[in-house]
Amino acid sequence: MTYDTAQLTFVGACRTPEETAALSLHYEIMAAAQTAAAGLLELARKIKRMRDTGGYKALGFDTLEAYTAATMGMKQRQAYNYIAIAEKLPAQLIEQNAAAGVTKLALLAQLSGAEQQQITAETDLADTTVADLKQQIKELQDKNSGYAQQLSLLQSSAEDDRDKARREGQDTARAELEQAVKRQKRAEKAAESAQAALKTAREELETEKRHRADAVQKAVTDAEAKLKAEAKQAAEKENAAKLEALAAEQAAAEKRAEQLAKQLEVTGDEGTVRFSVLFDELQYTAGLLDELVRGMPPAKADKFRAALRKALQALADQMEGGA
């Protein structure tokens, strides 16, 4: 039977009772180690929880140190080592290196995650003393510090280059901005000039509109006055003509009346006089109808002449029938 360091277990069959008993004891040791590792992690987590919740105060203790010292004989530094382990180390790392002890694990808790992995990969914590582990951690940190300084120099150089490029870019951007501001001011000045010109043009247009409106209103007023005067003059002429016509008709009527009176005195026959009057009126009316028809369109005039002729023929037929 041999021990496989890759698989961390024994391979092969036991040949003697002693080997069987030893192998059984080995398994018991491994189980106890796992229990111890789990217990260490659980203890660290519970101490941290007592600190975070302040539960020790509810138990009558003013500080966590007073609680751990009185109940477990654990000093403040040791208690905070447990808390650091719970806070800063992965559970798997704690379980794998529980045998190394709380002090070594607390040292690992001070490192970054990458440094923790580097130390545990290069060192068997259980076989390393606390002093050796501190020295190894110091060498690793010094080494990493050198890398950090080199990286810092490279970053500083890169930052200098970036700063120079940024300054040059800022100078260029500032110059472009100044030019843009100048162009903007020129554009604003041109816009102000254009707005002033536009305002002047609008004012001139409004003035011209008012002048034209006044001229139009005056022309309308003058035209209305002229039309009224012409209408009045035409009405006066028409009225004068009507008055003259009425006067002439009245004079003619008076003359006919005088003539009829004379005829009545001479003849003494009222029927003859009335016939004469009606006959004159008939002739007068026929003359008016003839004058009216002459002013009509030919087709319409022919229609009315035919109607008048028909009426006169009917009157003549009526008189002949009476005779």
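Helices were taken as DSSP runs of H or I with at least four residues, numbered from the N terminus, and the expected span of a helix as 1.5 Å times one less than its number of residues. The structure is a predicted model, in which local features need pLDDT of at least 70 and side-chain atom pairs count only at pLDDT 80 or more, whereas totals for chains, interfaces and linings use all residues. Residues are numbered from 1 along each chain as its sequence is written, and side-chain values use heavy atoms, with hydrogens and water left out.

Helix α4 comprises 13 residues (76-88) and reaches 18 Å from its first C-alpha to its last, close to the expected 18 Å. Its buried residues (under 20% relative accessible area, 1.4 Å probe, protein chains only) are A79, N81, Y82, I83, A84, I85 and A86.

Beyond its neighbours within four places in sequence, L89 is in contact (heavy atoms within 4.5 Å) with A84, I94, L105, L108, A109 and Q116.

Helix α9 (residues 270-294) has 25 residues and should span 36 Å at 1.5 Å a residue; its end C-alpha atoms are 36 Å apart, which agrees. Within α9, V273, S276 and V293 are buried.

Key:
Helices (H or I, at least four residues) and strands (E, at least two) are DSSP runs, numbered from the N terminus. Buried means under 20% relative accessible area, exposed over 50%, partly exposed in between (1.4 Å probe, protein chains only).
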